[in-house]
2 protein chains.
Amino acid sequence: MTDTIADRVPVLVERGLLADKATEHIRGLITAGRLCPGDRLNEVEIAAELSISRGPVREAVRRFASAGLVVSEPNLGSRVIDIDAAAVRGLYEVREALESMAARLAAERMQSRDKKALLEMLDQHALAMCGSAATDTYPAGSSDWDFHLAVLKGSDNAVAWRICGNELRDMFSLLRARHGRVPGRGKVALQEHRQVAEAILDQDGDLAAVLMSRHIRNSYRNQITLMSAGVPEDRRKEKI
Amino acid sequence: MTDTIADRVPVLVERGLLADKATEHIRGLITAGRLCPGDRLNEVEIAAELSISRGPVREAVRRFASAGLVVSEPNLGSRVIDIDAAAVRGLYEVREALESMAARLAAERMQSRDKKALLEMLDQHALAMCGSAATDTYPAGSSDWDFHLAVLKGSDNAVAWRICGNELRDMFSLLRARHGRVPGRGKVALQEHRQVAEAILDQDGDLAAVLMSRHIRNSYRNQITLMSAGVPEDRRKEKI
DNA sequence: TCCGTTCTTACTGTTGACAGTTAATAAGAT
DNA sequence: ATCTTATTAACTGTCAACAGTAAGAACGGA
């Protein structure tokens with residue numbers, strides 16, 4: 001098959017929805033830490049940055065509002081929520097409930113082929129950790145989430161998948177951007193992941209649920225100690 | 001204070017956002033069973049029904065898309081999802097996970113004043129059941145949800161509240177509209193509610209969680225037997 | 001009759017403009 | 001100087017029109 005114009009000029013076929021483009025843009029602003037709690041999402045400003053109209057931008061903003069990441073007040077606009085201690089607690093509680101359930105169901109429903117893929121994923125994570133300079137943190141990006149999403153997917157529950165994979169994920173991205181990632185827990189987290197994966201492999205749903213529950217609770221404990229240590233100065237938004 | 005024009009002509013001060021108006025309209029279509037799985041949400045049609053523009057209608061439709069109630073394909077529009085057996089299972093699984101957690105937390109965190117209000121609510125439900133003709137079904141409307149929402153609120157978890165109170169609620173409204181409500185479980189459900197409430201009152205979180213989990217599981221079992229009995233003819237959407 | 005092609009239609013995606021509201025700023029009175 | 005009152009500015013909410021796409025209808029050839 002000969003290459004077409006679309007193959008040679010891929011920039012011209014960028015014809016996804018502009019609302020998706022705007023969503024990714026805003027998500028990027030959040031994960032990069034450029035959008036801090038309390039900041040307002042100016043529709044015209046974002047539209048200008050992307051050289052598009054306000055319509056798709058507005059739609060993207062309302063998506064994040066539906067996810068609870070921003071709060072919108074009529075005629076006042078949308079501003080990024082402030083994730084205080086209570087919000088963090090609530091976030092981890094929901095994750096613990098949903099993901100421990102997902103681990104139980106994954107142990108019962110996952111194909112053996114996908115279970116092996118789960119273990120291989122953890123091997124790759126181990127390799128990435130040894131290779132990188134900082135061996136005590138989980139590899140950058142969303143590798144930590146990869147495992148959790150794989151378990152979610154294995155549970156074969158579309159609702160839980162949507163909640164954790166879309167809404168909560170952005171919430172935790174914002175949390176990361178604000179308070180940084182937890183140091184020194186990479187190896188332990190990987191170990192806990194492996195225990196969960198083995199329980200899933202053994203089709204031991206109860207054990208998988210308990211281990212996942214404990215894993216998330218440990219992660220929470222680590223998070224609050226990190227937060228109580230204070231927010232790094234360079235991550236604090238300067239007054240404009 | 002003398003009455004103003006706003007008091008005499010309340011229809012003139014209907015100045016909520018049109019998107020909210022459209023959202024309620026669509027929600028009404030769903031709960032009334034006028035919007036069946038597979039039906040397309042025509043933006044211009046809905047806008048014409050409300051005598052408003054497409055903008056707010058579009059926003060309302062995308063809200064339901066975020067909640068997973070409709071699926072949107074680019075350039076093809078949004079259609080109501082088909083809640084098959086797998087979807088129902090997933091819905092109840094998530095509810096069981098979240099609400100059993102909420103029951104546990106409510107037992108620990110609820111004010112004693114709110115706990116008493118919880119029991120009084122059940123007394124009112126009992127009265128409503130005795131008063132109505134059909135004593136074997138929970139009172140119409142959202143009384144069943146009232147209890148569950150009260151527990152959710154008592155858990156003091158904003159995330160779980162948003163998920164169950166907004167997204168899942170519409171899902172179950174659609175489920176109700178499609179398959180009707182479960183007959184003959186009103187008294188049993190009330191009994192189970194009362195057991196949960198008493199466990200919460202006793203601050204026995206573990207017991208409250210187990211009882212709530214069992215309650216939702218029973219509800220699920222009842223739902224699938226109802227669904228396997230088939231869809232009532234009058235609720236099936238006729239071909240247009 | 002059947003299949004492929006063109007045309008039409010109806011819908012969504014996007015835009016720019018206008019209206020209404022809120023908040024900040026400037027002007028004025030005490 | 002301080003409080004109150006206009007004025008301005010900036011932003012959101014809403015609308016109507018345009019552009020683009022996908023499905024179906026009409027058409028023509030085998």
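**View 1. Salt bridge between A:Arg109 and B:Glu93 in the predicted model.** The closest N and O atoms of A:Arg109 and B:Glu93 are 2.4 Å apart. Across the interface of chain A and chain B, 10 salt bridges are found. Residue pairs in polar contact between chain A and chain B, with both residues at pLDDT 80 or more, number 15.

**View 2. The side of chain A that touches chain B.** Helices α4 (54-66), α5 (85-109) and α8 (158-179) of chain A each give two or more residues to this side. The largest share, 10 residues, comes from α5(A). By residue class, the side of chain A that touches chain B divides into 14 nonpolar, four polar and 10 charged residues.

**View 3. Area buried between chain A and chain B.** Chain A brings 28 residues to the contact, and chain B brings 28 residues. About 2,200 Å² is buried between the two chains, with carbon and sulfur atoms giving 54% of this area. In chain A, the residues that lose the most area to chain B are A:Glu93, A:Val159 and A:Arg162; together they account for 20% of what that side buries.

**View 4. The three-stranded sheet of chain A.** The sheet is open, its strands pair antiparallel, and their order is β1-β3-β2. At the edges lie β1 (40-41) and β2 (70-73) of chain A, each pairing on one side only. Strand β3 (residues 77-80) of chain A is joined to β2(A) by four bridges, and these two strands run antiparallel. Within this pairing, A:Val70 has A:Val80 of β3(A) as its bridge partner.

View 5. The largest share, three residues, comes from α4(A). The surface near DNA strand D consists of eight nonpolar, five polar and five charged residues.

**View 6. Polar atoms of the protein beside DNA strand D.** An N or O atom in the side chain of A:Arg54 is 2.9 Å from a base nitrogen of DNA strand D. Backbone atoms lie beside phosphate oxygens: a polar backbone atom of B:Leu18 is 2.7 Å from one phosphate oxygen, and a backbone N or O atom of A:Glu43 lies 3.4 Å from a phosphate oxygen. Among the atoms of DNA strand D within 4 Å of the protein, 74% belong to sugar or phosphate, and the rest belong to bases.

How values were computed. Residues numbered from 1 in each chain as written. Chains lettered and ligands numbered in written order. Predicted model: local features only at pLDDT ≥ 70, side-chain atom pairs only at ≥ 80, totals over all residues. Heavy atoms only, no water. Contact = heavy atoms within 4.5 Å. Buried area = accessible area lost by both parts, 1.4 Å probe. Salt bridge = Lys/Arg side-chain N within 4 Å of Asp/Glu carboxyl O. Polar contact = N/O pair within 3.5 Å; in protein donor to acceptor, adjacent residues only side chain to side chain. Nonpolar A, V, L, I, M, F, W, Y, C, P; charged D, E, K, R; others polar. Pairing = 2+ DSSP bridges. Near = heavy atom within 4 Å.
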